[in-house]
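Hi,

Here is the structure I promised to pass on to you. Please open it alongside this email, and I will walk you through what turned up.

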Amino acid sequence: MTKLVRVIDMERCMGCRSCIAACHVENHLTPGAPWNVMIEREVGKYPYSRTVFSTMNCMHCEEPACMKACDAIGVKAIHKSELGVVTIDYDKCIGCGYCFAVCPYGVPQETQAENIDNLFPGQDKTPYEAIPAAERHPTHRKKGKTYQKCTFCAHKIDKAVADGKVDRIGKDPEYTPSCDVVCPVSARHFGDLDDPNSEVVKIIGEKKAARLKEEFGTHPQVYYVLEGGDY
Amino acid sequence: MWTKIAAATLMVATSVAFAEKPVQSVELSRVAEKLRNHEIKIEQGPGMDREHGRFHVIHSDVLMLDCSTCHGKPKYREGVLNFSKFKPFPVKAKGQFEKDVCLGCHQEGGIATSFYTPSTTDE
C-alpha cells in the first residue's frame, strides 16, 4: 500500500517562494485562489528576532472533514484516492463553501468566475490559458463559483499510475509535485509513508516532524519540521 | 454525623454537576436532532451566504448561537498557521471565526453531524 505524504522542513525553508511560483505555473492558478501560500511571522523580540516561514497547502487528510461535509449534504464532489490524494470534482461542486468552513486549515478556495476566462483582461491569452479544456487534466478544468485546492499535482500522480511507476513518485520530477521538485534548499520532500526506506519516513523520524492541528483528528498527510511559533 | 456529611457532600456534588451541565447544550442537542430528522425544515439550500444559505440560518437563527460564539476578533490570531491568514481580512465580516469552536459539536460523539474524529495526539 502506498500512502503519499509531504514533509516541509521549516528549519530549512528560507521563504524564497519558489514552491508557490512553481504551483502557479503547473496548476494554472487563478487570481485569489492559490493552492499554496507562504505564511511568515516574526518570533522573538528585537534584537533577538527572526522570521519563520511556512508554506501551507492542502493537507490531504486521511479523514478529510471537507469530504465528510460534502458527503453529508449529498453533493459528493470531493474524492480521496487510494494513494491518499484529495481532489474536488468541479462538475459536481455547487460552490456552497462547506468544505472551506469545516477545513481546519481553511484550504479550499473559491474560483472567482471573472478570473476564469482571461488572466490579463484586454490582452491575449497566455499559452497555458490557450490549452483547450478537453486537453487539460480534470483538476485544471476550473469553473467559476466552484472550490479548488492543491491536488498533490494529481496530473503527475495519475501519470505515474498510468505508467506503472508509482514507486518513482517523489523520486522522478516527472511524477513528483512541482513545488517539491523546485525547492532550492531541500526543505520539501514527497514520498511514500509506507516505505520504510523513503526519505520522508527518515526525515519524519529523525527530525520529529509533526502534523498541524492534530486536535481535529483529520490525520493530515503533510508533516512539518517545526521551527518556533504556536501551532 | 457521617450520614449528614455524606448527604451534604452528595447535595454539593449534585448541584456542581448540574451547574457544570449547561441547560443550553441539552436544548441544542434536541434541536440538532430535530434538524437531522427534518422535523425542523430549512428552506435554503447549502451555502455560507447569511440570507440565502443554510449554514448561518441553522447556526444563528435555529440554534440561536450568538455571532460571538464563533466569530472572534476582526483579525487573525497571531501565531496561528491558517491558510486563510494570507488574505486581507474582510472589512464587513463579523470577525475571524475560530475553527476550534466547531469541535465542540462536530467532533465524533458530539451533538451535530460528525466532521472530525477524536484527536490523533494520543496515538
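This is a predicted model: local features need pLDDT of at least 70, side-chain atom pairs count only at pLDDT 80 or more; totals for chains, interfaces and linings use all residues.

Chain B averages a pLDDT of 78, and 76% of the residues score at least 70. Within chain B, helix 3 (residues 54-62) has the highest confidence, at 92, while helix 1 (residues 2-20) has the lowest, with a mean of 51. Residues 12-19 of chain B have a pLDDT below 50, and that stretch makes zero contacts in the model beyond near neighbours in sequence.

Now to where the chains meet. On the chain B side 30 residues are in contact with 40 residues of chain A. Together the two chains bury about 3000 Å², with 63% of that on carbon and sulfur atoms. Leu81(B), Phe83(B) and Phe115(B) account for 29% of the area that chain B buries against chain A, more than any other three residues.

You will find Asn82(B) in the loop between helix 4 (67-70) and helix 5 (100-106) of chain B. Asn82(B) counts as buried because its relative accessible area is 5%, under the 20% cut-off. Setting aside neighbours within four places in sequence, Asn82(B) touches Gln96(B) in its own chain, and its contacts in chain A are Ile39(A), Met56(A), Pro104(A), Tyr105(A), Gly106(A) and Lys213(A).

Next, the second largest pocket, which holds about 420 Å³ of space. It is lined by 23 residues, and those closest to its centre are Thr87(A), His137(A), Pro138(A), Thr139(A) and Asp158(A). By type, the lining splits into ten nonpolar, eight charged and five polar residues. Strand 4 (78-80), strand 5 (86-88) and helix 4 (154-162) of chain A each provide at least two lining residues.

Which element gives the most to the lining of this pocket? That is helix 4 of chain A, with four residues. The helix also has buried residues, namely Ala154(A), His155(A), Lys156(A), Ile157(A) and Ala160(A). Among the elements of chain A that cover them are strand 1 (4-9), helix 1 (18-26), strand 5, helix 5 (178-182) and strand 8 (188-192). Just past the end of helix 4 of chain A, Gly164(A) adopts a positive phi of about 70 degrees.

Best wishes

Conventions:
Residues are numbered from 1 along each chain as its sequence is written. Chains are lettered from A and ligands numbered from 1 in the order in which they are written. Side-chain values use heavy atoms; hydrogens and water are left out. On a 1 Å grid over the protein atoms alone, a cavity is a set of points where a 1.4 Å probe fits but cannot get out, and a pocket is an open set with protein on both sides within 12 Å along at least five of seven lines; lining residues have an atom within 4 Å of a point. Grid points are joined across faces, edges and corners, and a volume is the space filled by probe spheres set on the points. Ala, Val, Leu, Ile, Met, Phe, Trp, Tyr, Cys and Pro count as nonpolar, Asp, Glu, Lys and Arg as charged, and the others, Gly among them, as polar. Buried means under 20% relative accessible area, exposed over 50%, partly exposed in between (1.4 Å probe, protein chains only). Contact means heavy atoms within 4.5 Å. pLDDT is the predictor's confidence in each residue, from 0 to 100. Buried area is the accessible area (1.4 Å probe) that two parts lose on being put together, summed over both.
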